[in-house]
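Subject: Structure for you to look at

Hello,

Here is the structure I said I would send. My notes follow below it.

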Amino acid sequence: MKKRIYALGALVLTTCNGAAFAQSNVTFYGVMDMGISQDRGGIAGTSTRATSGMATQSRWGFRGNEDLGGGMSAFFVIEGGIHADNGSSTQNNTLFGRTSIVGLGSKYGAVSIGLQDTPLFTTLNTIVDPLRNGVARSNNLMASTGFRAGNSVLYRTPTINGFSVDAMYVAGEVAGDQSANRALGGSFGYSNGPLNVRLAYHNKNNDTATLKNTSTARNTLLGANYDFGPAKAFFGYGVDQGLNSAPLNSSIINFAGPAPVASTDSTDMLLGVSAPFGVSTVVATYIRKNDRTVRNQDAQQYALAYMYAFSRRTDIYTSYALIRNHNGGGYTEGNSEEPGIGNRQFAVGLRHRF
């Protein structure tokens, strides 16, 4: 009798587990990107390095979802960056420092909570920059704050007639001061056929538990791209105001002269084009940083990249980029994973997605 009960219980558990498995899935994924970079123009001289994640930061992660019925689903993503050249973790040696979220989705949109990209960064990465912040990354000159936020809640509407909205709230988590370290952001966009347009905003409070009455960092970004068929054109225009609105992309003094100072009032502009030729793609970008403070530390970046795809998952690439600093500006030529140590960088690498 006991054997029959045990057998029946096992059958019920197997059936239940099978039903749950049929309604949910988990995917393991990642990117391994390795190559050689050479930096020139820095105060320490030329540097040649084996470098990880130049075109796309090397990473690994899990994502999954479960169908809850009635058009509702639960989902999660955990993703960590890898310094593939030595095996350590990126993002201050955190395990899942790129993304760590759980959320719910329905026909009314999706809500996610945790560590995730801000609407400003999503706009820069998917609408404005054809190199997706990789080699000759756009945030060498464009605002490099407000890209990723922990302790955040993000709501994304469904796309209705081409229009969509993202809204984010970031808890400051400073006891006794609800506004300190808090951030608010969002974006509004339209996508239809070859045209994509999006306007994003991010506001970060710089107060802490001990530092009060600072100015906020305010970043606004308008981006657009249009696919003409033979080539795709990209445009971005940003306005950066306030403390920490446009921090320097490197904390190391890389050029002779006085230490550069981060701008608190600047504008950014990006022009880009991406042209596919069979399995090859050529990308060119121009970025201008206009520092509107009395220091007038402007800069321009010129970049050219070439990619050759062996398959949908594996390609090789090469790039060359140059930054021209003015009036003691200290912007360096970096890639997806490293800020660089000079104003010129040549890169060649291999990228595999899994």
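This is a predicted model: local features need pLDDT of at least 70, side-chain atom pairs count only at pLDDT 80 or more; totals for chains, interfaces and linings use all residues.

Strand β10 covers residues 183-192, and eight bridges join it to β9 in an antiparallel arrangement.

β9 also pairs with β8 (residues 148-156), again antiparallel, through five bridges. In that pairing Val153 is the residue opposite Tyr169 of β9. Six residues lie between the strands in the hairpin of β8 and β9, and Asn161 takes a positive phi there, near 55°.

Which residues of β9 are on the covered face, and which on the uncovered one? The covered face has Ser164, Asp166, Met168 and Val170. The uncovered face has Phe163, Val165, Ala167 and Tyr169.

Next, the second largest pocket. Its volume is about 220 Å³. The lining is made of 17 residues, and the closest to the pocket centre are Thr122, Thr159, Ser164, Asp166 and Arg198. Ser164 and Asp166 also belong to the covered face of β9.

At least two lining residues come from each of α2 (119-128), β9, β10 and β11 (195-204). α2 gives the most, with four residues. Sorted by class, the lining of this pocket has 10 polar, four nonpolar and three charged residues.

Regards

Methods
Residues are numbered from 1 along each chain as its sequence is written. Side-chain values use heavy atoms; hydrogens and water are left out. Buried means under 20% relative accessible area, exposed over 50%, partly exposed in between (1.4 Å probe, protein chains only). Two strands pair if DSSP finds at least two bridges between them. On a 1 Å grid over the protein atoms alone, a cavity is a set of points where a 1.4 Å probe fits but cannot get out, and a pocket is an open set with protein on both sides within 12 Å along at least five of seven lines; lining residues have an atom within 4 Å of a point. Grid points are joined across faces, edges and corners, and a volume is the space filled by probe spheres set on the points. Ala, Val, Leu, Ile, Met, Phe, Trp, Tyr, Cys and Pro count as nonpolar, Asp, Glu, Lys and Arg as charged, and the others, Gly among them, as polar.
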